[in-house]
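Reader: I'd like to learn how to read a structure like this one. Can you walk me through it, feature by feature?

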Amino acid sequence: MTVDRQVACDGDTGSGKYGRMRLRHIKWREEGDRGRQVPLPEVVALAVRRHLKEYET
């Protein structure tokens, strides 16, 4: 799997709860780098493929 985005939090609100969650591109990528490669067990890869087929991204 290629990971090119991450869920990030806006930060601590001071109340013990975190701020709004956002989808952001991964930091510190080289020019032309599409993201990091993450190996998955076949059963997980199959489940991800099924999910993407049904719900897209």
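Predicted model: local features only at pLDDT ≥ 70, side-chain atom pairs only at ≥ 80, totals over all residues.

Reader: Is methionine 1 buried, exposed or something in between?

Author: Buried means under 20% relative accessible area and exposed means over 50%, with partly exposed in between. Methionine 1 has a relative accessible area of 45%, so it counts as partly exposed.

Reader: Which residues form a nonpolar patch on the surface?

Author: For a patch, look at who joins in and how much area they share. Here Met1, Leu40, Val43 and Val44 form a nonpolar patch on the surface, and together they have about 330 Å² of accessible area.

Reader: And glutamine 6, where is its place?

Author: Glutamine 6 belongs to strand β2, residues 5–9. Its relative accessible area is 27%, so glutamine 6 is partly exposed. The C-alpha atoms of glutamine 6 and arginine 22 are separated by 8.2 Å, though the two residues are 16 apart along the chain.

Reader: In what order do the elements of the protein chain run?

Author: Read from the N terminus on: β-β-β-β-α. That's 4 strands and 1 helix.

Reader: How much of the protein chain do buried residues make up?

Author: Zoom out to the whole chain for that. Of the 57 residues, 11% are buried. The chain exposes about 5,500 Å², with carbon and sulfur atoms supplying 53% of it.

Reader: What about contacts in the protein chain between residues at least 6 apart in sequence?

Author: Of those contacts, 31% join residues at least 24 apart.

Conventions: Residues numbered from 1 in each chain as written. Heavy atoms only, no water. Patch = residues over 30% accessible without salt bridge, like charges linked within 9 Å, V, L, I, M, F, W, Y side chains within 5 Å. Areas by Shrake-Rupley, 256 points an atom, 1.4 Å probe, with all protein chains shown as cover. Salt bridge = Lys/Arg side-chain N within 4 Å of Asp/Glu carboxyl O. Buried < 20%, exposed > 50% of the residue type's maximum accessible area, 1.4 Å probe, protein only. Helix = DSSP H or I, 4+ residues; strand = E, 2+ residues; numbered from the N terminus. Contact = heavy atoms within 4.5 Å.
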